[in-house]
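Open the model in your viewer and keep the sequence panel beside it. The stops below move from one selection to the next.

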Amino acid sequence: MSKASSETARRVALLRAELKSRKLAGYIVPRQDEFQGEYVAAYAERLRWLTGFAGSWGLAIVTARRAAIFVDGRYTIQVRQQVDMKIFEPHHLVDDPPTVWIQKTLKRGDRLGFDPWLITAGEAQRLGAACKAVGARLV
């Protein structure tokens, strides 16, 4: 395992421990910062810190057992080069969106966490509807 892969594994394990302590089934980690711009300051590089992905758009969802990263068509090759595929399943944002993954992965009673400063109201509505469809909640 490379140094980057072991660091990613350690960070995902820390996130999963935090999920367990907060009784969350999973957590959404977007590339965006609170300003929703294409460029984010170093302090806001959450997705890169967690996954190693350096593209300008992406979103990860980590649960206790699975982790997925969603990118648009610009990054289908880059994501496979920068992200440990043993930890994160790569998905195309349009062809296999987060809402479908949520519906396939979460179950009734699950709570999926997110930071409301980092996701638009429209995106929160779409993700919340996907959770609701399987009896889960976006919190």
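Contact here means heavy atoms within 4.5 Å. With that in mind, and remembering that this is a predicted model, select I28 to begin: leaving out residues up to four places away in sequence, I28 touches L59, A60, I61, L112, G113, F114, I119, L127 and L138.

Next, colour the nonpolar core to which I28 belongs, the largest one, with 19 residues. The members that touch the most other members are I28, I61, I102, L106, L112, C131 and L138. Show the secondary structure as well, and you will find that β2, β3 (67-71), α4 (98-105) and α5 (121-133) each supply at least two residues of this core, with α5 giving the most, four residues. Apart from this core lies another, of 18 residues, and V12, L24, L50 and A60 are among them. As background to both selections, nonpolar side chains tend to be buried together in soluble globular proteins.

Now move to strand β2 (residues 59-63) and select T63, which lies in that strand. Is T63 buried or exposed? T63 is buried, because its relative accessible area is 6%, and buried means under 20%. Setting aside its neighbours within four places in sequence, T63 is in contact with R16, L19, A25, G26, W101, T105 and L106.

Which element supplies the largest share of the lining? Helix α1 (residues 3-21) does, with three residues.

For the last stop, select D96, in the loop between β4 (89-92) and α4. With a relative accessible area of 23%, D96 is partly exposed, because that term covers values between 20% and 50%. Beyond the residues up to four places away in sequence, D96 touches F70 and H91; if you display the side chains of D96 and H91, you can trace a polar contact between them at 2.5 Å. Finally, draw a C-alpha to C-alpha distance from D96 to V139: the two are 43 residues apart in sequence and 23 Å apart in space.

Definitions and conventions
Residues are numbered from 1 along each chain as its sequence is written. This is a predicted model: local features need pLDDT of at least 70, side-chain atom pairs count only at pLDDT 80 or more; totals for chains, interfaces and linings use all residues. Side-chain values use heavy atoms; hydrogens and water are left out. Buried means under 20% relative accessible area, exposed over 50%, partly exposed in between (1.4 Å probe, protein chains only). A nonpolar core is a set of buried Ala, Val, Leu, Ile, Met, Phe, Trp, Tyr and Cys residues joined through side-chain atoms within 4.5 Å. A polar contact is a pair of N or O atoms within 3.5 Å; within protein, one must be able to donate a hydrogen and the other to accept it, and residues adjacent in sequence count only if both atoms are side-chain atoms.
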